[in-house]
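Here is a short briefing for someone meeting this structure for the first time. Look over the model, then read the points by topic.

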Amino acid sequence: MAVLFIGQLRFKDRERFRLYEEAFPALFDKTNGKVIAVDDAPKVMTGVWPYDRMVVLEFPTQDEAEAFFSSPAYKAIAVDRDAGAELTAVIVPRYDGPVGK
């Protein structure tokens with residue numbers, strides 16, 4: 001079952017985060033994942049959204065998502081991510097059924 005990775009970031013050091021952004025595409029391109037959304041100014045419909053960026057990625061399976069984020073190659077670039085931003089992230093199953101069921 002496909003899963004979505006949903007990340008919300010609050011920047012601490014944009015220059016350091018840029019190092020992560022530069023390395024991420026080449027690494028992510030080796031996966032079966034898709035970038036669904038990246039937005040620095042999503043429209044807040046209700047409540048307070050105290051972040052600087054929203055990221056949504058899709059993976060064919062949870063195992064593939066977890067393998068990517070736990071890989072040594074990803075952990076190596078995540079050092080710059082963590083130095084550059086605080087990340088709150090979840091993985092949820094993609095729901096393709098009828099609404100309300």
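Arg81 lies in helix 3. The model is predicted: local features need pLDDT of at least 70, side-chain atom pairs count only at pLDDT 80 or more, and totals for chains, interfaces and linings use all residues. Residues are numbered from 1 along each chain as its sequence is written, and side-chain values use heavy atoms, with hydrogens and water left out.

- Arg81 is buried, because its relative accessible area is 13%. Buried means under 20%, exposed over 50%, and partly exposed in between (1.4 Å probe, protein chains only).
- Not counting residues up to four places away in sequence, Arg81 touches Phe17, Tyr20, Tyr74 and Leu87. Contact means heavy atoms within 4.5 Å.
- The side chain of Arg81 also makes a polar contact with the side chain of Asp82, at 2.7 Å. A polar contact is a pair of N or O atoms within 3.5 Å; within protein, one must be able to donate a hydrogen and the other to accept it, and residues adjacent in sequence count only if both atoms are side-chain atoms.
- Asp80 is found in helix 3 as well. Asp80 is buried, with a relative accessible area of 18%.
- Leaving aside neighbours within four places in sequence, Asp80 is in contact with Arg16, Phe17, Leu19 and Tyr20.

**The whole chain**

- The protein chain has three helices and four strands. These are DSSP runs numbered from the N terminus: helices are H or I with at least four residues, strands are E with at least two.
- From the N terminus on, the order is β-α-β-β-α-α-β.
- Of the 101 residues, 33% count as buried.
- Take the contacts in the chain with a separation of 6 or more: residues 24 or more positions apart account for 79% of them.
- The C-alpha atoms fill a box of roughly 45 × 35 × 15 Å, taken along the principal axes.

**Helix 1**

- Helix 1 covers residues 14–28, and its end C-alpha atoms are 20 Å apart. That agrees with the 21 Å its 15 residues should span at 1.5 Å a residue. The expected span is 1.5 Å times one less than the number of residues.
- At the start of helix 1, a side-chain oxygen of Asp13 reaches to within 3.2 Å of the backbone nitrogen of Glu15.
- Phe17, Tyr20, Phe24, Leu27 and Phe28 are buried in helix 1.
- An α-helix has 3.6 residues a turn, so residues three or four places apart point the same way.
- The buried residues of helix 1 pack against several elements, including strand 1 (3–11), helix 3 (72–84) and strand 4 (85–93).

**Helix 2 against helix 3**

- Helix 2 and helix 3 pack at an angle of about 55 degrees, with their axes 5 Å apart. Axes are lines fitted to C-alpha atoms, for helices over the stretch in contact, and angles run from 0 to 180 degrees between N-to-C directions.
- The two helices are therefore oblique to each other.
- Phe68, Phe69 and Ser70 in helix 2 meet Pro72, Tyr74 and Lys75 in helix 3. The residues of this contact divide into four nonpolar, one polar and one charged.

**Lys34**

- Lys34 sits in strand 2. With a relative accessible area of 48%, Lys34 is partly exposed.
- Lys34 and Val56 are 22 residues apart in sequence and 8.8 Å apart in space, C-alpha to C-alpha.
- Beyond its neighbours within four places in sequence, Lys34 is in contact with Phe28, Val56, Leu57 and Glu58.

How values were computed
Parallel < 35°, antiparallel > 145°, perpendicular 65-115°, else oblique. Nonpolar A, V, L, I, M, F, W, Y, C, P; charged D, E, K, R; others polar.
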